[in-house]
Structure formats: C-alpha cells, structure tokens
Amino acid sequence: MPLRIRKSAESFAVEDAGGVALAYVYFEEDPGQRGLVNRLSGVDAKAVAQAIARALTAEAVQALPLAG
C-alpha cells in the first residue's frame with residue numbers, strides 16, 4: 001500500500017496511491033499563533049504524518065495473507 005505525504009499551506013496530508021487523503025495533520029509556523037490555534041509546528045506535524053503513514057503501511061502488510 002504505497003502512501004505519500006503532501007504538504008499544503010497549513011497541513012500535511014497522508015494520501016493513498018489514488019490520492020485519497022487518509023489523514024490531515026495541521027500546523028502553524030508562527031509561534032505566537034501556534035498556541036492560539038492549538039496546532040503543531042511544521043516539523044512536528046511532518047513527523048506525525050510520517051508516523052501515521054508508517055503505521056498504516058505496517059497494518060496493511062500485517063493484513064496480507066501468508067504465502068505457502
């Protein structure tokens with residue numbers, strides 16, 4: 001299950017091969033605004049999106065039937 005992470009102006013989207021968004025992780029780069037809108041920094045949001053993609057990939061691999 002190939003997944004990709006796409007960055008937009010305020011979020012990272014974890015997408016499947018067909019471009020369907022499976023998760024959005026929102027961020028705010030301005031430290032003054034970050035607390036007001038309760039969002040992660042861009043670096044932290046990207047790390048969370050990567051963790052989601054890894055977890056979904058691992059889950060898909062575990063669901064595959066064993067050969068033999």
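Modeller: A salt bridge here is a side-chain nitrogen of Lys or Arg within 4 Å of a carboxyl oxygen of Asp or Glu. This is a predicted model, in which local features need pLDDT of at least 70 and side-chain atom pairs count only at pLDDT 80 or more, while totals for chains, interfaces and linings use all residues. Residues are numbered from 1 along each chain as its sequence is written, and side-chain values use heavy atoms, with hydrogens and water left out.

Colleague: How many salt bridges does a search of the whole structure find?

Modeller: The search finds 3 salt bridges. In general, side chains of opposite charge can pair when their charged atoms come close.

Colleague: Which side chain meets Arg4 in a salt bridge?

Modeller: That of Glu15, with 2.8 Å from N to O. This pair links distant parts of the chain, as Arg4 belongs to strand 1 (residues 4-7) and Glu15 to strand 2 (residues 11-15), 11 residues apart. Strands (E, at least two residues) and helices (H or I, at least four) are DSSP runs, numbered from the N terminus.

Colleague: Is Glu15 buried or exposed?

Modeller: Glu15 is buried, at a relative accessible area of 3%. Buried means under 20% relative accessible area, exposed means over 50%, and partly exposed lies in between (1.4 Å probe, protein chains only). Arg4 is partly exposed, at 48%.

Colleague: And what does Arg6 meet in a salt bridge?

Modeller: Glu15 again, at 2.6 Å from N to O. Arg6 is partly exposed, with 36% relative accessibility.

Colleague: Which residue forms a salt bridge with Glu10?

Modeller: Arg39 does, and the closest N and O atoms are 3.5 Å apart. The two residues are 29 apart and link distant parts of the chain: Glu10 sits in the loop between strand 1 and strand 2, and Arg39 in the loop between helix 1 (31-37) and helix 2 (42-63). Both are partly exposed, Glu10 at 39% and Arg39 at 27%.

Colleague: Which residues do salt bridges that share partners join into one network?

Modeller: Arg4, Arg6 and Glu15.

Colleague: New topic, then. How do strand 1 and strand 2 pair?

Modeller: They pair in the antiparallel sense over 4 bridges; two strands count as a pair if DSSP finds at least two bridges between them. Together they form a hairpin with 3 residues between the strands. Ile5 has Val14 of strand 2 as its bridge partner.

Colleague: What is the bridge partner of Val14 in strand 3?

Modeller: Ala23. Strand 2 and strand 3 run antiparallel and are joined by 5 bridges. Their hairpin has 5 residues between the strands, and Gly19 there takes a positive phi near 85°.

Colleague: Why is strand 2 largely enclosed by the rest of the structure?

Modeller: Because 5 of its 5 residues are buried. Ser11, Ala13 and Glu15 point one way from the strand, whereas Phe12 and Val14 point the other way. In a regular strand the side chains alternate between the two faces of the sheet.

Colleague: What does Ser11 touch, not counting residues up to four places away in sequence?

Modeller: Ser11 is in contact with Arg6, Tyr24, Val25, Tyr26 and Phe27, where contact means heavy atoms within 4.5 Å. Its relative accessible area is 5%.

Colleague: Which residues make up the largest nonpolar core?

Modeller: There are 8: Phe12, Val14, Ala23, Val25, Phe27, Ala45, Ala49 and Ala53. The elements giving two or more residues to this core are strand 2, strand 3 (21-26) and helix 2, and helix 2 gives the most, with 3 residues. A nonpolar core is a set of buried Ala, Val, Leu, Ile, Met, Phe, Trp, Tyr and Cys residues joined through side-chain atoms within 4.5 Å. In soluble globular proteins, nonpolar side chains tend to be buried together.

Colleague: Last topic: how many aromatic pairs does the search find?

Modeller: It finds 2 aromatic pairs. Phe12 and Phe27 form a tilted pair, 5.2 Å centre to centre with 40° between the planes. Phe12 lies in strand 2 and Phe27 in the loop between strand 3 and helix 1, 15 residues apart. Phe12 is buried at 7%, and Phe27 is buried at 4%. Tyr24 and Tyr26 form a stacked pair, 6.2 Å centre to centre and 25° between the planes. Rings of Phe, Tyr and Trp (its six-membered ring) pair if their centres lie within 6.5 Å; planes under 30 degrees apart count as stacked, over 60 as edge-to-face and the rest as tilted.
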